[in-house]
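Bring your questions as we go.

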Amino acid sequence: MAGWSQLPKDLLLLIAQRLNTRFDLLSLRSVCSSWHAFIPYSLHPLPSRFPILPTNGNSWGLYLSSRRILCLRLPESHCQSTINSWLIKVEEDVPDMAHLVNPLSTFQFRHFPPNFPKNFEFSRFRVFELGREYVLQYMNHRPSGEADEGSLHKGKVTFSCASNGDDFVMLTIHVSGKLALFRHGNKKLTLIDDMSSPCDDLIFFKGEFYAVDNTGRTVVVAIGSPPVLSLVADSVSGGNKKSLVESNGELLMVDTYFDQVIHGIMERAVQFKVFKLDQMKRVWVEIENLGDRILFLGEKSTFSAVASEFCGCAGNCIYYTNSFFFPCGQEDDAYTGLGIFNLENGNMGPLSSFPDYAKVIWPPPAWVYSDNIV
């Protein structure tokens, strides 16, 4: 039988087109030099820098930045005696150039170990994608005093793109709390007025857009003309902030309780409750145990992971961001603004107070930048 390098190019291209992520594609390209030369860097390009113009007619606009949340692991053949996974977020606004970003925030990591490589070779590791994050950014500096769509997003952006990259839909939250829609061919955002209360969070789950308001009322957004909202769960009384997160194929909602506001801005999280969507009964059902799962509530995205794949971590906990943990002068610290909550016993606090859990994010384990990986 011919070697892998002699695989017919048309068959190789068919295989590549069926891969779901760029990092699967990267692994395929790394098999041999002939595959690397033949398979393109990206088969499904993300529409980038598409203009979203404000309704007042000004010329500045926004573009969509894509980031991927990844779990890096050692090759299976390597003997592992220390932490065996590392959680990172990769930002790639420019092809072939990546920045490592804190998985839960928007801060780029700055203080790397002295021998950390400038050219990071992902092909040396097993790479698993845990989630994607989309962020709207300004093409040019926005003039002071401008508002409307330019100051639109409260945080979350959800995105769906056809496999050929020719059609896409973006849903986000306008500063007014309304849903805002942008799709291929549009010149500006379309506001959706059908939410009865301000929207708290969005998620693209199993091929559909879900939105939850600050009461817990949850809808599916069908992308049509006009968009149609269908109720999937009624309100849940309780906390102050609702977040949607996928975990092991199920849709969960995390309800965050705050108890302190400083100058109307900084809030301290004091409790979390977790609910699972029962689509048949159209209700959120509270759950008290996540098993071996960890939930991550970031500034711009949510995702989940298996706790046992990270050395020193136990399941049934929530990583979260909280402005209360932003001490003055430490904005670029790897743990700044991050906290952790144990759903079983209610223990919680700054991530820096829980070293075993903090190692999931920082510092990078030594095997990441070692030359001795087999």
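The dialogue below takes up salt bridges and then a surface patch in this predicted model.

Q: Happy to start! How many salt bridges are there?
A: A salt bridge here is a side-chain nitrogen of Lys or Arg within 4 Å of a carboxyl oxygen of Asp or Glu. By this rule, the count is 11 salt bridges.

Q: Which residue meets R67 in a salt bridge, and where do the two sit?
A: R67 pairs with E133, at 3.1 Å from N to O. R67 belongs to strand β1 (residues 62-73) and E133 to strand β4 (residues 126-138), so this pair links distant parts of the chain, 66 residues apart, given that strands are DSSP runs.

Q: Are R67 and E133 buried or exposed?
A: Both R67 and E133 are buried.

Q: What about R73?
A: The side chain of R73 meets that of E309 in a salt bridge of 2.3 Å, N to O. R73 is in strand β1, while E309 is in the loop between β18 (302-306) and β19 (317-321), 236 residues away. Buried means under 20% relative accessible area, so R73 counts as buried at 13%. E309, at 27%, is partly exposed.

Q: Which residues form a nonpolar patch on the surface?
A: L11, L14 and I15 do, with about 230 Å² of accessible area together. I15 lies in helix α1 (residues 9-17), and its relative accessibility of 35% makes I15 partly exposed.

Definitions and conventions
Residues numbered from 1 in each chain as written. Predicted model: local features only at pLDDT ≥ 70, side-chain atom pairs only at ≥ 80, totals over all residues. Heavy atoms only, no water. Patch = residues over 30% accessible without salt bridge, like charges linked within 9 Å, V, L, I, M, F, W, Y side chains within 5 Å. Areas by Shrake-Rupley, 256 points an atom, 1.4 Å probe, with all protein chains shown as cover. Helix = DSSP H or I, 4+ residues; strand = E, 2+ residues; numbered from the N terminus. Buried < 20%, exposed > 50% of the residue type's maximum accessible area, 1.4 Å probe, protein only.
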